[in-house]
Amino acid sequence: MRLAFIRRLRRVFGESRRGPGGDGVFLRRFVSGRGRPWGCSEKPLTNFLWYIALRIFRCIENFPRRLPLFSRLLVRIADPSSLVTGALLGVAALVSAFHLRGPWRRWQAARRAFPEDHRRWLARRVPFYTAVNDVRRRRFERDVQFFLDEHSFEGVDGAVVDDELRLSVAAGAALLLNGRPAWELRGAGRSVLFYPGAFDDEYHAGDYAAFDGMVHQQGPILLSTRAVRASWSDPPSGGENVVLHELAHLFDFQSEGADGVPSLMAPASESAWRELVRRETARVRSGRSMLRDYAASAPSEFFAVAVEAFFERPAQMQRRHAELYEALKNFFNLDPAEWGMGERERGDVGEEKSGQQQEGLRSTVQRTGGDITGPPSA
Ligand SMILES: [Zn+2]
């Protein structure tokens, strides 16, 4: 086997030089596979690998002959007045500027003072904000500033975008990321589009408007103004949060779409998570779950609905779905049950909402191609 390989190597490299047109013609034919000169393979990938091997071989073979050229180039680079040095420094500066643009913007955003009215709003609406220590709160404020700085916000169909709407979405992102400082929200830099109310799958309000939020693998985050305002309402609206729901979907997108297994989940936990989702989905279907029915429509929706409940009704989830609570606690590295959410959860402890109320938040997730994963709820 090895001998055959060496023979072939010798034949290919030796004959390439002797063949008509020398290396140049040989290489062109070799890489295209046309004419199969000198017995090269019919498989394009094999040809390509041979081509790479040949290029490396030629490079090593020719290096001693090109050494004087290399040394002249080195002398030029060492001379700071030479054009080559100037050009290289220019290219290096451009590349550095390109890569440093993001960090530079973040540094600028982090240096800006956090607005006091933002602080007051967060203290009133987001229980996490007042419950955690200074380090976590500062990180939360910083992530809010990054989100506001890196996303554009637009109103559609006459929706007016104000600070409260912007802050509502940024607070959701900062909350989800707070326990994992190294994480980034997938697809940063998206625009956020606000609709006045629900919209249909062609993004119009009307008789078939069924969605309060929608997010795609690429492209904007679409949200209903009405649902966003209800997400962090005071008093709480009852465990539903379209902001957390849609942003949770961003954790779930893989190259092939959303599958209900967050892409940042440790691979070792994936099979246990799938099994847990299967069991919990069965509970939703049999009416023995605190999660609303929409969670059973697709694994990706299960994750998004579970994330809402985890942050909005943590005590109830910890009591009734201890394993699910632990899984999400480990995933986000956050423990909302410790934040004293009793006030926010008041009124729904130990009781289930009617099916109709549970269907109140309608939302879905789409793939880039436009097909909806999981049927939209009615
Ligand atoms: Zn969804």
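**View 1. Burial and pairing of F251 and F331 in the predicted model.** In this predicted model, F251 and F331 are both buried. The two residues form an aromatic pair of the edge-to-face kind, with 6.2 Å from centre to centre and 75 degrees between the planes. The pair links distant parts of the chain, since F251 is placed in the loop between α10 (242–250) and β5 (253–254), whereas F331 belongs to helix α14 (residues 322–332), 80 residues apart.

**View 2. The aromatic pair of F128 and F140.** The count of aromatic pairs in the model comes to 21. In the pair shown here, the ring centres of F128 and F140 are 5.3 Å apart and the planes stand at 45 degrees, so the pair is tilted. Because F128 lies in helix α6 (residues 127–131) and F140 in helix α7 (residues 134–150), the pair ties together parts that are twelve residues apart in sequence. F128 and F140 are both buried.

**View 3. Arginine residues over aromatic rings.** R111 lies over the face of W107, at 4.7 Å from the ring centre.

**View 4. A nonpolar patch on the surface.** The residues L73, L74, I77 and L88 form a nonpolar patch on the surface, and together they have about 350 Å² of accessible area. Helix α3 (residues 44–78) contributes the largest share of this patch, three residues. L74 has its place in helix α3, and because its relative accessibility is 57%, L74 counts as exposed, the cut-off being over 50%.

How values were computed
Residues numbered from 1 in each chain as written. Predicted model: local features only at pLDDT ≥ 70, side-chain atom pairs only at ≥ 80, totals over all residues. Heavy atoms only, no water. Phe/Tyr/Trp six-rings, centres within 6.5 Å; stacked < 30°, edge-to-face > 60°. Helix = DSSP H or I, 4+ residues; strand = E, 2+ residues; numbered from the N terminus. Buried < 20%, exposed > 50% of the residue type's maximum accessible area, 1.4 Å probe, protein only. Lys NZ or Arg CZ within 6 Å of the ring centre and 35° of its normal. Patch = residues over 30% accessible without salt bridge, like charges linked within 9 Å, V, L, I, M, F, W, Y side chains within 5 Å. Areas by Shrake-Rupley, 256 points an atom, 1.4 Å probe, with all protein chains shown as cover. Salt bridge = Lys/Arg side-chain N within 4 Å of Asp/Glu carboxyl O.
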